[in-house]
Amino acid sequence: MSVFIAKRVLTLLATLIGASIVIFLVMEILPGDPALVILGVDASDEAVRALTIELGLDRPPLERYWDWMTGILTGELGNSYAYKVPVWELVEGALLITIPLALMSIALSIVLALSIGLYAAANHNKAGDITLMGISQLGISVPNFWLAILLIILFAIELRWLPAGGFPGWKDGIWVCLKALLLPSLALATVVGAILARITRSSVLEVFREDYVRTARAKGLSQQATLWRHVLRNALIPVLTVTGIQFSALLTGTVVVENVFHIPGLGSLVLKAINNRDTIVVENVVLLLATMIIVVNFVVDILYAVIDPRLKAHDI
């Protein structure tokens with residue numbers, strides 16, 4: 001197991017280095033001068049040049065990339081060009097919102113997926129299966145931002161059960177903050193949950209056709225007992241794969257949904273930084289999002305080996 005994990009850790013580190021290089025190069029080739037954006041189009045060439053030197057943007061790209069990487073390793077992310085405050089202060093505040101939002105969304109997605117997928121598979125080709133699969137197909141087709149608007153209209157404006165947007169801050173209490181994040185997490189979880197539900201159903205039905213499952217049923221084991229004892233564990237492998245992939249879609253979806261609900265998370269932060277040409281904030285936030293996605297896929301790989309030891313043995 002240690003060899004398996006070591007190989008996965010090396011892959012993770014290599015992927016992170018590659019992602020950092022791509023992010024840095026993309027920001028380098030993007031048009032626009034951060035100094036000019038900060039000072040405005042009416043600024044003199046001397047003022048723009050002075051600010052460029054002050055920000056360190058006149059140095060060679062390789063040197064700036066090295067400083068960026070060493071700063072990340074030492075915890076010195078630099079100062080925001082637009083806000084004149086340490087980048088970590090901006091990221092920390094946004095992270096305390098986006099991480100709970102992402103965790104709530106993925107938890108709701110998994111609950112929806114397992115509930116709908118297992119029920120549909122256990123009632124294959126019956127009315128419940130057909131109805132739920134039709135609803136899940138509709139859920140896949142609905143854009144996150146449009147669903148977010150519908151949720152605001154229904155639960156915030158008409159029923160007045162939940163706030164329409166904004167984030168009060170954790171100092172106001174956990175329950176108040178979770179209520180503020182519930183609608184955004186539902187908007188994010190619906191599409192992901194619908195996709196995972198269909199994958200769960202298909203995977204469970206495929207495992208149901210295996211010989212050992214038919215043997216268990218022939219010995220008198222009930223369908224429900226067979227599902228929980230023999231089917232579910234083997235059916236989870238493709239579900240985990242898609243969950244890791246959909247987590248990246250969920251994080252990118254926060255950029256839109258957080259702006260719909262006016263939530264000051266990482267999505268809102270990176271969008272404002274792009275508009276301000278605040279490249280140092282964009283680089284750090286995008287790398288952070290990429291790191292979260294890569295780490296989730298790393299965890300999924302480890303869970304593969306736990307669920308099915310044959311995968312670990314084959315990889316080693």
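Tutor: Start with aspartate 129. Beyond its neighbours within four places in sequence, aspartate 129 is in contact with Ala120, Asn123, His124 and Arg201. Keep in mind that this is a predicted model.

Student: What makes Ala120 and Arg201 contacts of aspartate 129?
Tutor: A contact needs heavy atoms within 4.5 Å. Ala120 and Arg201 are both listed as contacts of aspartate 129.

Student: Where does aspartate 129 lie?
Tutor: In helix α6, which covers residues 127-141.

Student: How do you know whether aspartate 129 is buried or exposed?
Tutor: Look at its relative accessible area, which is 2%. Buried means under 20%. Therefore aspartate 129 is buried.

Student: How many helices and strands does the protein chain have?
Tutor: There are 13 helices and zero strands. The C-alpha trace spans about 85 × 55 × 35 Å along its principal axes.

Student: What share of the protein chain counts as buried?
Tutor: The figure is 41% of the 316 residues. The chain exposes about 16,800 Å², and carbon and sulfur atoms supply 68% of that area.

Student: Now the aromatic rings. How many aromatic pairs does a search of the whole structure find?
Tutor: The search finds five. One of them joins phenylalanine 24 and tyrosine 65, with ring centres 5.5 Å apart and planes at 65°.

Student: Why do phenylalanine 24 and tyrosine 65 count as buried?
Tutor: The limit is under 20%. Phenylalanine 24 has a relative accessible area of 5%, so it is buried. Tyrosine 65 has 16% relative accessibility, so tyrosine 65 counts as buried too.

Student: What makes tyrosine 65 and tryptophan 68 an edge-to-face pair?
Tutor: Their ring centres are 6.1 Å apart and their planes are at 70°. The cut-offs are within 6.5 Å and over 60 degrees.

Student: Why are tyrosine 65 and tryptophan 68 separated by about one helical turn?
Tutor: Because they are three residues apart in helix α4. An α-helix has 3.6 residues a turn, so residues three or four places apart point the same way.

Student: Which residues form the aromatic cluster?
Tutor: Phe24, Tyr65 and Trp68.

Student: What does leucine 269 touch?
Tutor: Leu90, Val91, Ala94, Val281 and Val285, leaving out residues up to four places away in sequence.

Student: How do you know whether leucine 250 is buried or exposed?
Tutor: Leucine 250 lies in helix α10. Its relative accessible area is 1%. The limit for buried is under 20%. Therefore leucine 250 is buried.

Student: How far apart are leucine 250 and serine 105?
Tutor: In sequence, 145 residues; in space, 7.9 Å from C-alpha to C-alpha. Ser105 is one of the residues that leucine 250 touches.

Student: Last, arginine 160. Why is it called buried or exposed?
Tutor: Arginine 160 lies in the loop between α7 and α8. Exposed means over 50%. Arginine 160 has a relative accessible area of 70%, so it is exposed.

Student: What is phi of arginine 160?
Tutor: Phi is near 55°, a positive value in a residue other than glycine. Lysine 84 has a positive phi near 60°, and lysine 84 lies in the loop between α4 and α5.

Notes:
Residues are numbered from 1 along each chain as its sequence is written. This is a predicted model: local features need pLDDT of at least 70, side-chain atom pairs count only at pLDDT 80 or more; totals for chains, interfaces and linings use all residues. Side-chain values use heavy atoms; hydrogens and water are left out. Helices (H or I, at least four residues) and strands (E, at least two) are DSSP runs, numbered from the N terminus. Buried means under 20% relative accessible area, exposed over 50%, partly exposed in between (1.4 Å probe, protein chains only). Rings of Phe, Tyr and Trp (its six-membered ring) pair if their centres lie within 6.5 Å; planes under 30 degrees apart count as stacked, over 60 as edge-to-face and the rest as tilted. Accessible areas come from the Shrake-Rupley method with a 1.4 Å probe; for residues, only the protein chains shown count as cover.
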